[in-house]
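I opened my notebook for a friendly look at one structure.

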Amino acid sequence: MSPPPTKNETALKDLEILASDTMQGRKPGSSGHEAARDFILKRFHTLELKAFSENYQQTFLFSQGFQRQTGYNLIGWLEGTEFSKTFIVITAHYDHLGKQGRETFNGADDNASGVAALLALATYFAQYPPKHSLIFVATDAEEGGLHGADAFVSAPPVNLSSIVLNINLDMLGIGGKRGQLHALPAKGQSTIKAWLKQQAPRYNFPSMNLRIGAPIPTRTQGIMNKVDWYKASDHASFARVGIPYIYFGTDVHTHYHQATDVYKNINHGFFSAALHTVQEVLSSLDNAPHSSTGLTLSQ
Ligand SMILES: [Zn+2]
C-alpha cells in the first residue's frame with residue numbers, strides 16, 4: 001500500500017465553495033448556477049487558460065421540463081508541447097439539482113468534487129505543460145440528460161477526429177462503502193484497459209483504491225443498484241461519436257441525489273487520493289508511448 005497523498009487544500013476549498021448554499025445546488029437557470037459559472041470562469045482567467053471563444057463559453061439550447069433554456073459549457077485549454085494538434089478532453093459537469101421545496105441539493109460529491117478536480121488538473125498542467133493538448137470542459141445540464149456534453153460533441157471547438165480521448169470526472173468525493181475509485185474505459189478499448197490494469201497497483205492507498213472497470217451492483221437502502229455505468233455521465237456523449245473515454249467515478253452511495261450530499265460528508269482522504277490518482281494517470285498517459293495506450297495521434 002502506498003502512503004496517503006498530501007491533501008490539495010485549494011481543491012478542497014473549491015469543492016466547499018461550489019457546494020456552499022450560495023450556489024443553491026447549481027440548477028441551470030438559477031442565480032446559484034450563475035454564481036458557480038462565474039466562479040469557474042474566474043479560475044480559468046486566473047490560470048490563463050487559452051479560450052476558443054468569447055469568455056470561455058459555449059452556449060446551447062436545451063429543454064428542461066417544458067422550458068427551453070440556455071446552457072453554458074465552460075471551455076479552456078492548454079497547448080501540448082509535442083503533440084499540439086492531438087487533444088484530450090477532460091470533462092466534469094458543474095450543474096446539479098438545485099432546490100426542491102425547502103431542501104437544497106448542494107451536490108458536493110455530485111459533482112462539485114469533479115469540477116474541483118478539473119480545476120486542480122488545469123492548475124497542475126498549466127505549471128507542468130503536457131505533451132498533448134488538453135481541453136478542460138465544465139459541462140452544463142448533465143443532470144437533465146447530458147445536454148452540455150452532447151452540445152460539445154455536436155459543435156466541437158476542434159475537429160472531432162483530433163480528439164483522441166475523453167476523461168470524465170463525476171463523483172470523486174465520497175467513494176461509497178468500499179472506498180473504490182473506478183476507472184472505466186469504453187467496451188472494446190482493450191489496449192487502454194490493459195494499460196490501466198498495469199498502472200492500478202500504484203494507486204492503492206489507505207483511503208482509496210483504484211479499480212479498473214464498473215462497480216459491481218450493490219444494494220443501497222434496500223434497492224439493487226443497476227446503473228448502466230457506460231451511459232451514466234458525460235462520457236456517453238463522446239462514445240456516441242466514437243471517441244474513447246476513461247470515466248473516473250464511484251459507486252452510488254447513501255448521499256447520492258440526496259440533500260445530504262454536502263461538503264461535510266466529503267471524505268477528504270478519499271478525495272485527495274482520487275485527485276492524485278487522476279492527475280498521475282493523466283500525466284503517465286500523456287508520457288506513455290502511444291503503442292502502449294492505444295491512443296491514435298491526429299496529424
Ligand atoms: Zn453527476
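Where does Q189 lie? I kept in mind that this is a predicted model. I found Q189 in the loop between β9 (180–185) and α5 (190–199).

I then looked up its contacts, leaving out residues up to four places away in sequence, and Q189 touches P244 and Y245.

**Entry: α3 and α7**

I turned to helix α3 (residues 108–127) and helix α7 (residues 268–287), which pack at an angle of about 45 degrees with their axes 10 Å apart. That angle makes α3 oblique to α7. I wrote down the crossing of α3 past α7 as right-handed.

Which residues meet here? From α3 I listed S113, A116, A117, A120, L121, Y124 and F125, and from α7 their partners F271, L275, V278, Q279, L282 and S283. Sorting the residues of this contact by class gave me 10 nonpolar, three polar and no charged.

**Entry: α1 and α7**

I went on to helix α1 (residues 9–18), which packs with α7 at an angle of about 115 degrees, the axes being 11 Å apart. The crossing of α1 past α7 is right-handed.

On the α1 side I noted A11, L12 and L15, which meet H268, F271, S272 and L275 in α7.

Conventions: Residues numbered from 1 in each chain as written. Predicted model: local features only at pLDDT ≥ 70, side-chain atom pairs only at ≥ 80, totals over all residues. Heavy atoms only, no water. Axes fitted to C-alpha atoms, helices over the stretch in contact; angles between N-to-C directions. Helix = DSSP H or I, 4+ residues; strand = E, 2+ residues; numbered from the N terminus. Parallel < 35°, antiparallel > 145°, perpendicular 65-115°, else oblique. Left-handed = near helix turned anticlockwise from the far one by under 90°. Contact = heavy atoms within 4.5 Å. Nonpolar A, V, L, I, M, F, W, Y, C, P; charged D, E, K, R; others polar.
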